[in-house]
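Dear colleague,

I am handing over the structure we spoke about, and my notes on it follow below. Please read them with the sequence and the coordinates open beside you.

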Amino acid sequence: MKFRSRALFASATAAWLCAVFAGTTALMRYKNAAGAQLEPAGRWPAESTVARVPGRSMLVLAAHPHCPCTRASLTELDRLLVRAGGRLQAVVLFVKPRGAPEGWEDTDLWRRVAAMPAARPLLDVDGVEAHRFRALTSGQTLVYDQEGNLLFSGGITSARGHEGNSVGRGLILAALDGARLEHPTAPVFGCALDSPENGGTP
Amino acid sequence: MESRTRELLDEHMRENYRKTSRVFSILLAAQWVFGILLAVVISPRSWAGLASATHVHIYAAVFLGGAITSLPLYLTLTRPESLATRLIVGVAQMLWSALLIHLTGGRIETHFHVFGSLAFLAFYRDWKVLLVATVVVASDHLLRGIFWPESVYGIADPAWWRFLEHAAWVVFEDVVLVFACFRGIDEMRSIARQRTELEKTFAELERTHQIVTRTEKLAAVGQLAASVGHELRNPLTAIRNAHAYISKRVLKSNAASDARTVQFLGLQEREIHACNRIISDLLDFARERPLDLRPCPLRPLIEEAFSVVTARDGVDLVNEVPADLPVPALDKDQFRQVLVNLVQNAVEAMPAGRAGTVRVSAAGSAGDRWRIAVIDDGAGIAPELHARIFEPLFTTKSKGTGLGLAVVATMLKRHGCSISVKSEIGRGTEFAIEIPLQTPSAAAA
Amino acid sequence: MARILLVDDEGALRVTLAANLELDGMEVEEAESGERALELLRSAPFDLMLSDIRMSGMSGKELFQRAKELRPEMPVVLMTAFALEDIVREVLRNGVFAVLPKPFDVGHLSRTVQRALRRPAVLVVDDHEDQARSTAAALRAIGLRVESISDGAGALRAIEDRPIDICIVDLVMPGMSGAEVVERLRWSRTDITAIVVSDYVVPELMQRAAANGAFACLCKPVAADELAQVVAEARGRADLRSAAVRAR
C-alpha cells in the first residue's frame with residue numbers, strides 16, 4: 001500500500017470508529033434518558049374511581065396506547081404478576097387525550113392487557129385518573145398494599161423499551177415480601193402521556 | 001517444497017478470506033435492511049399525548065446502522081482479503097448485535113445474535129478477528145456497566161463477578177471457535193502439502209512422459225533408419241557392381257580419351273562410396289553388435305584409425321600413444337570406429353585456411369583406469385552445446401547425419417566406458433575417453 | 001578357368017556381379033535361389049560358391065550347410081546386406097571362407113574369391129607340439145585346411161612353398177617369438193595375415209605384433225570355433241587403407 005492511501009485508509013477507519021462510537025453513545029443516552037416523574041402521594045388517591053380488589057395489593061400502570069416502549073413495560077408487568085403469584089391485581093390506565101379520534105386507544109397494547117389474567121385495561125379519558133395518580137410518563141407504575149399505602153412508584157424497565165430484569169421489579173417484589181424500603185422508586189422510561197402543549201415531552 | 005506449500009496455503013487462506021468477506025458483505029447489508037424494517041414495524045413513532053414524532057429507533061436503524069455497515073461493506077467489496085477488512089467486519093458485526101438487541105427492545109432471543117455472529121466470524125479462521133469481536137462485546141458491556149449499570153444487570157449495584165458470568169459464556173464460545181480456527185488452518189496446510197506433492201508428481205510424470213516419448217521416437221526412427229538402410233544396400237551393391245564393370249570396360253576402350261568420361265566414372269565411385277558411408281553411419285547407430293573383447297594394443301590401433309580418416313591439407317595427425325603402453329582388452333572393430341569418428345570430427349573442426357594438429361594420447365595400466373584423449377586446436381565447441389553433441393541427429397555441420405558422435409557414445413557405453421569433452425571457442429577441443437578397470441585376461445574370459 | 005556358382009535372389013545384383021567376375025576371367029553360373037543352387041551343385045562340380053545370406057526360400061546359411069555336406073572341399077563365400085549378427089557369427093564359426101558385407105568393393109570381392117580359389121591353408125605355430133596339432137585338428141573338423149608347426153623358423157620356411165594365407169602364432173615361444181615371426185612375415189609376404197594367440201598379456205610383444213599388422217590378439221584358451229571366426233574375418237577383411245584412398 002502506498003503511503004498516501006495508507007494514511008487515507010487510517011483516517012477513514014478512525015472517522016468510522018468515531019462516527020460509530022458517537023452514534024452508539026447517542027442511542028444509549030436516549031435509551032437511558034428517564035421520563036418525567038412526580039413525587040407520588042403516600043396513599044391511594046381518595047378521588048380515584050379505580051376499583052380496588054379487597055385482599056390484594058393493587059398495581060396501577062399508566063400507559064400511552066401507542067407508545068412502543070411500553071411494550072417492554074407490559075412484558076415486565078406480565079412477568080411481575082406471575083412472580084407475585086396472585087398477590088397483585090393490576091389496572092392499566094390507557095390515557096386517551098382529548099380530541100383523539102374514535103378507536104384511537106384500541107391498540108395491540110390494550111389487547112395484550114385484556115388477555116392478561118391478573119390485569120385489566122381501563123380507558124382513562126383525558127388522563128384524569130393518571131393525573132390523580134401523578135403519572136406523567138407512559139410506564140409509570142404504582143403499587144399500593146391492601147390498606148392503600150404506597151409501596152412503590154417508578155418504572156419497571158431497565159431502559160427505554162428494554163425488557164429484562166429491572167430495579168423496579170426487584171423493589172416491588174421485595175416490598176410485597178414485606179421489606180420496608182427507604183426509597184421505593186426507579187426511573188421511568190417511556191413516551192409522555194400528555195401532549196407537548198400541555199407540558200408533555202415526547 | 002516447503003515454500004511451495006506455504007504459497008498454496010496462503011492462496012487457499014486468501015481465497016477463504018475473499019469468500020467469507022463476500023458472505024459478510026451480504027450479511028451486513030441484509031442486517032441493515034432488516035434493522036430498518038424492524039424499526040419501522042415495531043417502533044415507528046414516539047408519542048407525547050396526541051403528538052408523535054419519528055422514533056429514535058428509525059434514525060438509529062437508518063443512520064447508525066448505515067454507519068456501522070458503511071466502511072466494512074466498502075472494504076469487503078474492494079479489499080476482501082486484507083486483515084484490516086476482517087477486523088473491521090468483526091467490529092461491525094458485534095455492533096450490529098448490540099443495535100439489533102436495542103431495536104428489538106432487549107429481547108432475550110436477540111442476544112443469540114452475539115453468539116451466532118462469533119461463529120460466523122470464525123469462518124475467517126483468524127483468531128485475531130475473534131479477539132477483536134470479543135473486545136468489542138466486552139467493552140460495550142464494560143462501558144454500559146459503568147455508565148448505565150441498570151441497563152446491563154437490571155440492578156443498581158451489580159456484584160463485581162456478574163461481569164465475569166457474562167464474560168465466561170463468551171470466552172467459552174471463543175475458545176471453541178479459536179480451536180476450530182486452528183484446526184481448520186491445519187487441515188488447509190495438509191491440503192496444501194498434498195497439492196505440492198501432487199504438483200511435484202505431475203511434473204515428474206510430465207518429464208518421464210517426455211523422455212518416454214523421445215525415446216520411443218528415437219527407437220522408431222532407429223528402426224526406420226535400420227530398415228531403410230538395409231533395403232538400400234542391395235540396390236547400392238548392384239549399382240556399384242554395374243559401375244565397376246562399366247568402368248573397367250570404358251577405361252580400356254576409346255572413350256577413355258574423353259576427360260569427362262574418366263572424371264565422371266571417378267565421381268560415380270566417390271558418390272557411391274558417400275552413400276555407403278551414410279548408410280553405415282545410420283546402421284552403426286541402430287545396431288547392437290556384441291562385444292568381442294580381445295587384447296588390443298593402442299598405438300597400432302590409432303595408426304589404423306588414422307589411415308581410414310579422410311585427411312586434410314594442413315592438418316597433422318599425431319599419434320602420441322607410447323609404444324610400451326600396456327594392452328587393454330577392447331573390441332577392435334568397434335573401438336577403431338570410435339577413434340575414426342573422433343579423429344574425423346577433429347579434422348573437420350579445423351577452420352578453413354588454418355593449419356592445425358590432431359593429437360591422440362593414451363595413459364593407463366592394467367589394474368588402473370585407461371584414458372585416451374583426442375585433442376585438436378580447432379574452432380572449439382560452445383559450452384552450452386557440450387551436452388547436446390552426443391545426441392543423435394544433432395550436428396553443427398551443414399553436411400552429415402549428426403550420428404558420428406552418437407555412435408561413439410553408444411559404442412563406448414556398451415564397453416562400459418565414459419566420454420567427456422573440454423573445449424574453448426577458438427582454442428580447441430579435447431575428448432577424453434575413460435575405460436574402466438579391467439584386465440585383459442579377465443575380459444577375455 | 002575357375003567355375004563359380006553365384007546365388008542371389010536379387011536379379012540386378014546377381015547379373016552385374018556375374019559380369020564383373022567374368023571380366024576377371026572366371027566362369028560364372030547363376031542361381032536365383034538356394035534350391036536351384038543345390039540342383040546345380042548336385043549335377044556339376046564348382047570351384048567356389050558365392051551366395052547371399054538372406055534370401056526368400058532357403059537361406060544362405062542353410063545352403064552353406066547343405067553345400068558343405070555335398071561338397072566339403074569347396075570354399076564358400078557369403079554376402080550380406082542385413083546385419084544378421086547371430087547368423088553371420090554362426091556361419092563364420094562353421095568354416096565359411098569369408099562373409100562380405102554389402103555393398104562391397106567389387107575388386108575386393110574379386111580378390112577374396114581368387115584367394116579362396118587357391119585353397120589356402122592356415123598354419124598353426126606353437127612350440128607346444130601337441131597343442132599345435134590339436135588346434136589344427138579342431139580347425140580341420142570345422143572344414144578348414146590346416147597345417148601345424150612348432151617353431152618360428154620352421155614356419156617361415158613352410159610359407160615359402162605352400163599356399164598359406166593365415167598364420168596363427170603363439171606369442172611366447174623360445175627362440176623366435178611370435179612377435180618376431182609376425183615381423184618377419186610382414187617383410188617376406190604381404191598376403192599373409194597373422195593372428196597372435198597368447199597365454200597371458202605380454203604388452204611389449206603384443207605392441208610389436210600389432211605394429212606389424214597382426215590382425216588380432218587372442219587370449220588362450222581359445223575355442224576352435226572362435227578361432228575359425230577370426231580366421232574367416234581376417235580373410236574377408238577389406239584393406240582399409242586402399243578403401244580410404246579411393247574415397248578421396
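As general background, nonpolar side chains in soluble globular proteins tend to be buried together.

Around C:Val196, leaving aside residues up to four places away in sequence, the contacts are C:Val169, C:Leu171, C:Gly178, C:Val182, C:Met206, C:Ala209, C:Ala214 and C:Cys217.

Chain C has 248 residues, of which 47% count as buried, and its secondary structure comes to 11 helices and 10 strands. If one takes the contacts in chain C with a separation of 6 or more, 64% of them join residues 24 or more positions apart.

The average pLDDT of chain C is 86, and 94% of its residues score at least 70. Residues 241–248 of chain C, however, stay under 50 in pLDDT, and the model has 11 contacts beyond four places in sequence for them. Where pLDDT is low, the predicted coordinates should not be read in detail. For the model as a whole, the scores are ipTM 0.88 and pTM 0.59.

**Where chain B meets chain C**

The contact between these two chains takes 38 residues from chain B and 34 residues from chain C. On the side of chain B that touches chain C, at least two residues each come from helix H7 (162–252), helix H8 (259–286), strand S3 (293–295), helix H9 (298–308) and helix H12 (440–444). H7(B) gives the largest share of that side, 12 residues. By residue class, the side of chain B that touches chain C divides into 17 nonpolar, nine polar and 12 charged residues.

**One residue of chain B**

Is B:Ser420 buried or exposed? B:Ser420 counts as exposed because it has 11 C-beta neighbours inside 10 Å, where the cut-off for exposed is 12 or fewer. B:Ser420 lies in strand S8 of chain B, residues 418–424. From B:Ser420 to B:Ala409 the distance in space is 9.9 Å, C-alpha to C-alpha, and the two are 11 residues apart in sequence.

With best wishes

Notes. Residues are numbered from 1 along each chain as its sequence is written. Chains are lettered from A and ligands numbered from 1 in the order in which they are written. This is a predicted model: local features need pLDDT of at least 70, side-chain atom pairs count only at pLDDT 80 or more; totals for chains, interfaces and linings use all residues. Two residues are in contact if their C-beta atoms, placed from the backbone, lie within 7 Å. Helices (H or I, at least four residues) and strands (E, at least two) are DSSP runs, numbered from the N terminus. Ala, Val, Leu, Ile, Met, Phe, Trp, Tyr, Cys and Pro count as nonpolar, Asp, Glu, Lys and Arg as charged, and the others, Gly among them, as polar. A residue is buried if 20 or more other C-beta atoms lie within 10 Å of its own, exposed if 12 or fewer, and partly exposed in between; C-beta atoms are placed from the backbone. pLDDT is the predictor's confidence in each residue, from 0 to 100.
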